[in-house]
Amino acid sequence: MTGDHHDHHGHHDHEDTRGPAFFDEAAATWDEDEAKVERARVVAEVLRDAVSMDESTRLLEYGAGTGLVTQALGDAIGAVTLADLSTGMRAVMAAKVAAGTLPADARIWDLDLAQADPPEERFDLIVTVLTLHHIPELDRVLHGFAALLDDGGHLAVVDLEEEDGSFHGEGFGGHHGFARAELQARLEAAGFTDVAFRPCHHIERDTGTFPMFLATATRKDRSAAAEVRVVEVAPEETHHLRATVLRSHLPDPDVDYPADRAPGSFHLGVRGDDGLVAAATFSMEPAPGHPGRPAARLRGMAVEPGAQGRGLGRTLLEAAQQRLRAEGVELCWANARTSALDFYEANGFTVEGDEFESIGLPHRVVVLDLTAS
Ligand SMILES: C[S@@+](CC[C@H](N)C(=O)[O-])C[C@H]1O[C@@H](n2cnc3c(N)ncnc32)[C@H](O)[C@@H]1O
């Protein structure tokens, strides 16, 4: 195997300490470095061996640079999308598409998952080579990959094994390679399973030889991930979620509600690995405009941002409804912020009365008739 030699610009060892501007500039001559072309060829060979792919495989190469790795995969793959935040890199890829060096139908995306939400698209395979060590906000990007992959889809990460910082030299704000166990834990936390590592080529620099790994991982089944258990929790356990999800806009949020410990009040939650990821509180209070009907007020409905989109809010409401009906409660109501009205309406609540302000935000009353169905 041939190693890379990074002296084509005269500033050999430190080429990657720079941000997007560096890559913009480096793009035009990137492919003149034979070591990079050879690296892409070897990486593609290892990828073909490690990951199943064919002409139906929808590929996203993230941090694709000039598209060398996708180019080296040739016709082993199906529809191709190439993402990079560097304008210069994207321009080189566009020229290659026009010239037929990259597939004519390849899409080129300006995408930075560290900053932007993932687009509403699905892929079967995401490949990312020597890019993740540039991204301090790694977890956000890994969650983005998970969102972009179909259940059972594959992620292939080629990057540096953990090093002592001499790869980029001083002043580099990214990762000094990756410790395999730590990357594995981060991948699993982001929704991946079956994480496996193997050696994959190396880079030669004046400061040493830097080995790389290929990590492959499978996108977990979303329905399996959504298997949740609703439990009754103590009011204090909900405080963190109330503060961070519902009242983060307030300087000194009050997260202890007066009715938290009143007779009949209860708190439901879903626990994740590091504590509650969803919570809701129910207390026996008459609904505005419905005097005389047994009613429960819903407060503090909060789902941690990383756990949103899994239907946990609905799951909590369904569990509460069962319990409230069994207790003879006829109405469930809440002062809902107007930004959340869609959620309540989707769960059978009716919006009632005029808009009003509470904790600095516009609200409406929402009411669910538990006797209706
Ligand atoms: C060392 S180059 C590797 C390029 C290509 N994968 C290769 O192996 O030749 C890293 C690439 O990642 C891109 N990049 C860095 N941070 C990124 C981010 N947050 N999102 C997308 N691309 C990024 C850079 O613009 C650059 O093209």
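The model is predicted, with local features requiring pLDDT of at least 70 and side-chain atom pairs counted only at pLDDT 80 or more, whereas totals for chains, interfaces and linings use all residues. Residues are numbered from 1 along each chain as its sequence is written.

The chain has 10 helices and 14 strands, taken as DSSP runs (H or I of at least four residues for helices, E of at least two for strands) and numbered from the N terminus. Its C-alpha trace spans about 80 × 40 × 35 Å along the principal axes. The domain assignment divides the chain into domain 1 (12-221) and domain 2 (226-369); such bounds come from an automatic or database domain assignment. The centres of domain 1 and domain 2, taken over C-alpha atoms, are 42 Å apart. Of the 373 residues, 37% count as buried, a residue being buried if 20 or more other C-beta atoms lie within 10 Å of its own, exposed if 12 or fewer, and partly exposed in between, with C-beta atoms placed from the backbone. Contacts are defined by C-beta atoms, placed from the backbone, within 7 Å. Among contacts between residues at least 6 apart in sequence, 67% join residues at least 24 apart.

Strand β2 (residues 80-83) is covered on both faces, with V80 and L82 buried on one side and T81 and A83 buried on the other. β2 pairs with β1 in the parallel sense over 4 bridges, pairing requiring at least two DSSP bridges between the strands. In this pairing E61 stands opposite L82. β2 also pairs in the parallel sense with β3 (residues 107-109), over 3 bridges, and here T81 stands opposite R107. Two right-handed β-α-β units involve β2: one is made of β1, α3 and β2, the other of β2, helix α4 (residues 87-99) and β3. A crossover is right-handed if, with the strands pointing away from the viewer, the path from the first strand over the helix to the second runs clockwise.

In helix α5 (residues 138-148), the buried residues include L138, V141, L142, G144, F145, A146 and L148. The buried residues of α5 pack against the strands β1 (59-62), β4 (123-129), β5 (149-160), β6 (192-205) and β7 (208-219), and against helix α6 (180-189).

D49 is placed in helix α2 and is exposed, because 9 other C-beta atoms lie within 10 Å. The C-alpha atoms of D49 and P211, 162 residues apart along the chain, are separated by 19 Å.

E285 lies in the loop between β10 (275-284) and β11 (295-303). E285 counts as partly exposed because it has 16 C-beta neighbours inside 10 Å. Leaving aside neighbours within four places in sequence, E285 is in contact with A259, A295 and R297. A separation of 64 Å lies between the C-alpha atoms of E285 and L73, which are 212 residues apart along the chain.

Conventions
Two residues are in contact if their C-beta atoms, placed from the backbone, lie within 7 Å.
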